[in-house]
Amino acid sequence: GLNSKSPILVAKNCPAFVLDFLQTTNREIIYLSGPVRVKSLLMVAKGKNSGWPHPSDIEVLLSYEPFALALKDQIPDRSIYISRRNARRSPENETEVENTFQNLGFKVLELEKLTLLDQIASLSQASMIAGVHGAGLTNAIWLKKGSKVLDIVNENYWTECFHRLCALKEVQYAFHICEGKIQDPIALPGLVNQINELY
């Protein structure tokens, strides 16, 4: 088994969500600014099965006490659009896309402005999440059975990872395909029709 007293070594310039996670543990944290020598080391890295999570890995995340406490028990009643406005692969008209979703009753979230635990709390209250294909849709992991995901994908960039995650979570997965280059504006009429069908 893993020695729960082992310190965690992490780069000083790690992403905000890593810092948020580290605040949930009582382990000793050692921040590094360069290479170090240690007697033994367990490397945590992105594995070959990234995007193909094992059900037991999902269960580990859902049962991790700080995450489990952040999950909301009430019946999900929110529809959330996850913005990519401040990230790569954001369509040129994402502000218009956000306004379109808002006008249809969705709450727009910029996840990078929320702490990790606040993200979990917010997304676990969602009956539907939508967004341009990207890391934000990984939050389908916090959705309750029967919720919905709308993955807005580009014909030139579309991985199966969210379809797989939704299948494991028993969440309904739908996609909307956009033509052209990744950052080309999204044609709104067809998107609105699909949202109305799902929502």
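The legends below describe close-up views of a predicted model.

**View 1. Overall course of the chain in the predicted model.** Residues are numbered from 1 along each chain as its sequence is written. In this predicted model, local features need pLDDT of at least 70 and side-chain atom pairs count only at pLDDT 80 or more, while totals for chains, interfaces and linings use all residues, and side-chain values use heavy atoms, with hydrogens and water left out. The chain contains seven helices and seven strands, where helices (H or I, at least four residues) and strands (E, at least two) are DSSP runs numbered from the N terminus. Read along the sequence, these elements follow the pattern β-α-β-α-α-β-α-β-α-β-β-α-β-α, and the C-alpha trace spans about 60 × 35 × 30 Å along its principal axes.

**View 2. The open sheet of five strands.** With parallel pairing, the strands of this sheet have the order E4-E3-E5-E6-E7; two strands pair if DSSP finds at least two bridges between them. Strand E4 (107-109) and strand E7 (172-178) are the edge strands, each pairing on one side only. Neighbouring strands of the sheet are turned by 20° against each other on average, direction ignored. Strand E3 (residues 78-82) pairs with E4 in the parallel sense over three bridges, and Ile82 stands opposite Leu109 in E4.

**View 3. Packing of helix H2 on helix H6.** Helix H2 (residues 55-63) and helix H6 (residues 161-169) pack at an angle of about 75°, with their axes 11 Å apart; axes are lines fitted to C-alpha atoms, for helices over the stretch in contact, and angles run from 0 to 180 degrees between N-to-C directions. H2 and H6 are therefore roughly perpendicular to each other, a term that covers angles of 65 to 115 degrees. Pro55, Ile58 and Leu62 in H2 meet Leu165, Leu168 and Lys169 in H6, with contact meaning heavy atoms within 4.5 Å. By class, this contact of H2 with H6 has five nonpolar, no polar and one charged residues.

View 4. The structure holds one cavity of 30 Å³ or more, a cavity being a set of points on a 1 Å grid over the protein atoms alone where a 1.4 Å probe fits but cannot get out. The largest cavity has a volume of about 120 Å³, taken as the space filled by probe spheres set on the points. Of the 14 residues that line the largest cavity, Val132, Ile152, Val153, Asn154 and Ile182 are the closest to its centre, lining residues being those with an atom within 4 Å of a point. Strand E6 (residues 148-154) gives the largest share of this lining, three residues.

Methods. On a 1 Å grid over the protein atoms alone, a cavity is a set of points where a 1.4 Å probe fits but cannot get out, and a pocket is an open set with protein on both sides within 12 Å along at least five of seven lines; lining residues have an atom within 4 Å of a point. Angles under 35 degrees count as roughly parallel, over 145 as roughly antiparallel, 65 to 115 as roughly perpendicular and the rest as oblique. Ala, Val, Leu, Ile, Met, Phe, Trp, Tyr, Cys and Pro count as nonpolar, Asp, Glu, Lys and Arg as charged, and the others, Gly among them, as polar.
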